[in-house]
Amino acid sequence: MARAIGIRVLLVTAMLVSALRGGPAADERSIILATTTSTQDSGLLDELVPRFEKQTGIDIKIIAVGTGAALRMASTGDADAVLVHAPDAEKQYVDSGDLIEGRQIMHNDFVIVGPPDDPAGVGRERDVTAAMRAIAERGVFVSRGDDSGTHKQEMALWTSAGIDARSMRAREETGQGMGATLNVADQKRAYTLTDRGTYLALRTRLGLKILSQGDTRLLNVYHAYVVNPQRHDRVNASGARRFVEFLVAAETQRAIGEFKRKEYGEPLFFPDALPGAKKTNGA
């Protein structure tokens with residue numbers, strides 16, 4: 001079921017991109033940004049994109065999908081820029097030459113959330129590996145199942161815990177983005193892995209609470225790239241470069257660090273391109 005949903009999303013995306021392109025040549029006053037749903041669901045793009053459009057006069061058409069789908073769009077030239085959060089997966093597309101001029105933009109972390117009464121005892125476990133084993137033994141887990149950066153991280157955590165996720169009886173996949181998956185987990189009183197930013201942005205509508213956090217394996221790093229015009233001739237590389245440069249500009253980096261900080265009492269994202277910022281993972 002989840003796989004079928006994911007395929008439908010990609011087909012709709014392909015048709016949408018074809019309509020947005022409007023012809024064989026790139027539109028110099030418009031770019032297509034393929035990005036993860038967490039940047040959209042958290043509200044960050046609603047904050048940043050109007051600033052960029054006002055400063056440059058370049059319109060951004062956002063396609064928010066899982067990181068895997070965003071990277072595949074880059075590989076077919078169906079995006080001009082990408083903003084994604086799966087460094088290991090990104091490397092394949094950098095090595096192939098589809099993505100160039102990568103910059104580390106920001107980071108936050110992944111957290112495991114679940115029902116407040118925590119029937120699997122996740123909150124009592126010492127680290128994320130033990131937490132995943134507790135869920136596998138005693139809980140219900142809702143996965144995005146959409147080849148996103150979050151889904152890739154989830155699968156890596158199951159592997160580290162010595163668990164075959166496909167054999168778990170009480171695990172299901174939504175094939176949807178982070179916001180929708182959080183809603184499903186909430187309805188089912190289940191556990192899920194989420195980026196902190198999306199959870200904080202939606203937590204007033206959810207009954208879920210953070211039960212496992214702080215493990216170094218839960219780091220969540222975002223990079224932006226230009227899609228290589230030497231491989232994909234429809235790409236508006238100049239517009240994409242201006243967007244990446246905008247993301248690493250000091251004013252934008254400060255805005256990322258302050259985004260909803262007052263509202264939630266903590267930042268949703270930590271900027272990584274300010275002078276002196278400690279890099280959590282190289283681009």
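This report walks through a helix pair, the nonpolar cores and one alanine in a predicted model.

## Ground rules

Local features here need pLDDT of at least 70 and side-chain atom pairs count only at pLDDT 80 or more, while totals for chains, interfaces and linings use all residues. Numbering starts from 1 along each chain as its sequence is written, and side-chain values use heavy atoms, leaving out hydrogens and water.

## Where α6 meets α7

Let's start with two helices (DSSP runs of H or I, at least four residues, numbered from the N terminus). Helix α6 (residues 128–138) packs against helix α7 (residues 149–160) at about 90°, and their axes (lines fitted to C-alpha atoms over the stretch in contact, with angles from 0 to 180 degrees between N-to-C directions) are 9 Å apart. So α6 is roughly perpendicular to α7 (65 to 115 degrees).

On the α6 side, the contact (heavy atoms within 4.5 Å) involves Val128, Thr129, Met132, Arg133, Ile135 and Ala136, and α7 supplies Glu154, Leu157, Trp158 and Ser160.

## The nonpolar cores

A nonpolar core is a set of buried Ala, Val, Leu, Ile, Met, Phe, Trp, Tyr and Cys residues joined through side-chain atoms within 4.5 Å, where buried means under 20% relative accessible area (1.4 Å probe, protein chains only). The largest one has 64 residues, of which Leu83, Leu99, Ile105, Phe243, Leu247 and Phe269 touch the most other members. Helix α10 (residues 237–248) gives this core its largest share, seven residues. Apart from it lies another core of 19 residues, including Met132 and Phe141.

## A look at Ala250

Ala250 sits in helix α11 (residues 250–258). Is Ala250 buried or partly exposed? With 34% relative accessibility, Ala250 is partly exposed (between 20% and 50%).

Technical notes. Parallel < 35°, antiparallel > 145°, perpendicular 65-115°, else oblique.
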